[in-house]
Each structure stands twice: as C-alpha cells, then as structure tokens.
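Please consult the sequence and structure shown below while reading.

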Amino acid sequence: MQRAALAVHLGDAQPAHADLVASFGEAITNIREHDHPKWEDLYCLNLTSYMGERMAPVLRRLLGAESEAERYRIAWRGARTRAQSAGGAADRYAARARELQSAVQDMLFASLATQMERNELRTRVAEMEQQAATGRAEVLREEARRLRRLADEMPKVGRIRQAEGLYRAALVLEERADDAGGGTR
C-alpha cells in the first residue's frame, strides 16, 4: 500500500543508475568527514540539496528493488511449497513401492513353496505308483508260481496238455508282471 502511494508521488521518474547511487555514497562520506564550521555549513547544505534534488530516481530504484525482492519471495514460497509437496508425494510413492515389493516377495515365496510342494507330491505319487506296480507285479508273479505248482502237482494222466496250458498262462502272467513292475523281480 505504501509502495503504491510512493510510486504515485514519484511520477515518471526513472530508476537511478549505479553511478548516481555511488555519488550519493560519496556525498554522505564527505558530509560526515569534513570540518563543520560553527556558523552556517554551506558545504553540507549544498551536498544535501544536491542529494534531495536527485532523490526521486533513487526512490524509484528502491521501489523496483523491493518489488523484485517481493516477486522472488513469492516465487521462493511457491517453489518451497511445490518442493514440500513433491517430497511428500515421493515419500508416499516410496512407501507404496516398499509395500508392493514386500507383496511381490511374499507372492514369490508362496509360489516357490507351492512349486516345492508340487514337486514333492509328484515324487510321492511316482513312488506310490511304483509301489502299486511292484505290488501288482508281485501278485502276478505269485499267481504264475501257483500255476506252475499246480502244473507240477497234476496227476500224470492227461497232464501234458493241461500242464502246458498252465505253463503258458504262467509265462503270460510273468510278462505282465515285468510290464507292470518295470522289469523288477
């Protein structure tokens, strides 16, 4: 508000150049350091008058500098707010990424555990199938031995044809036992 009022008072005065500001500094040094007489100090009055006549451009320069400083402050606040917002968003994204990474790791471990269980079950099923095949083969072999014993125990009369049939049936059972048991004996 005060800056606007001061700008109206300054009118169309242009901002002072650096050499005018430097000459003001030199005038202030001269006023401060010269010998002040006891009577009227015309030297100080002359320098003060010189400075007063040229004060409008200096004040215009000051207003410009203050306006620029205010623009920088506003821009800095906006940049700071955006940086804080981006930092907060980055923190949220990092937390979400950690959660997702943990979930993916859990899923990976669960998948690996499932695969290991599946492999163990496949091995167990294969073992059970082998045991079942071995069991069937043993049953078939035992039946083949029983048929041979029957053939061997048959009475001599009419034995050849019937014994031959029993021996053939025993051979067929042994072949099936070999197929079922994978050739195990």
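## Basis of the description

Helices are DSSP runs (H or I, at least four residues), numbered from the N terminus. The model is predicted: local features need pLDDT of at least 70, side-chain atom pairs count only at pLDDT 80 or more, and totals for chains, interfaces and linings use all residues. Residues are numbered from 1 along each chain as its sequence is written, and side-chain values use heavy atoms, with hydrogens and water left out.

## Helix packing

Two packed helices are described by the angle between their axes and the distance between the axes. Axes are lines fitted to C-alpha atoms, for helices over the stretch in contact, with angles from 0 to 180 degrees between N-to-C directions.

Helix α2 (residues 18-33) packs with helix α3 (residues 42-53) at about 160°, their axes being 10 Å apart. That angle makes α2 roughly antiparallel to α3 (angles over 145 degrees count as roughly antiparallel). Helix α1 (residues 2-10) and α4 have axes that come within 10 Å and cross at roughly 150°; these two helices are therefore also roughly antiparallel to each other.

## Salt bridges

A search of the whole structure finds eight salt bridges, each defined as a side-chain nitrogen of Lys or Arg within 4 Å of a carboxyl oxygen of Asp or Glu. One of them joins E143 and R146, at 2.3 Å from N to O. Being three residues apart in helix α4, E143 and R146 are separated by about one helical turn. E143 is partly exposed at 29% relative accessibility, and R146 is partly exposed at 35% (buried means under 20% relative accessible area, exposed over 50%, partly exposed in between; 1.4 Å probe, protein chains only).

R141 forms a salt bridge with D178, the closest N and O atoms being 2.8 Å apart. R141 lies in helix α4 and D178 in helix α5, so the pair ties together parts that are 37 residues apart in sequence. R141 is buried, with a relative accessible area of 7%, whereas D178 is partly exposed at 23%. E138, R141 and D178 are linked in a network of salt bridges.

## Surface and extent

F109 is found in helix α4 (residues 55-153) and is exposed, with a relative accessible area of 55%. E175 lies in helix α5 (residues 159-181) and is exposed at 52%.

Key: Angles under 35 degrees count as roughly parallel, over 145 as roughly antiparallel, 65 to 115 as roughly perpendicular and the rest as oblique.
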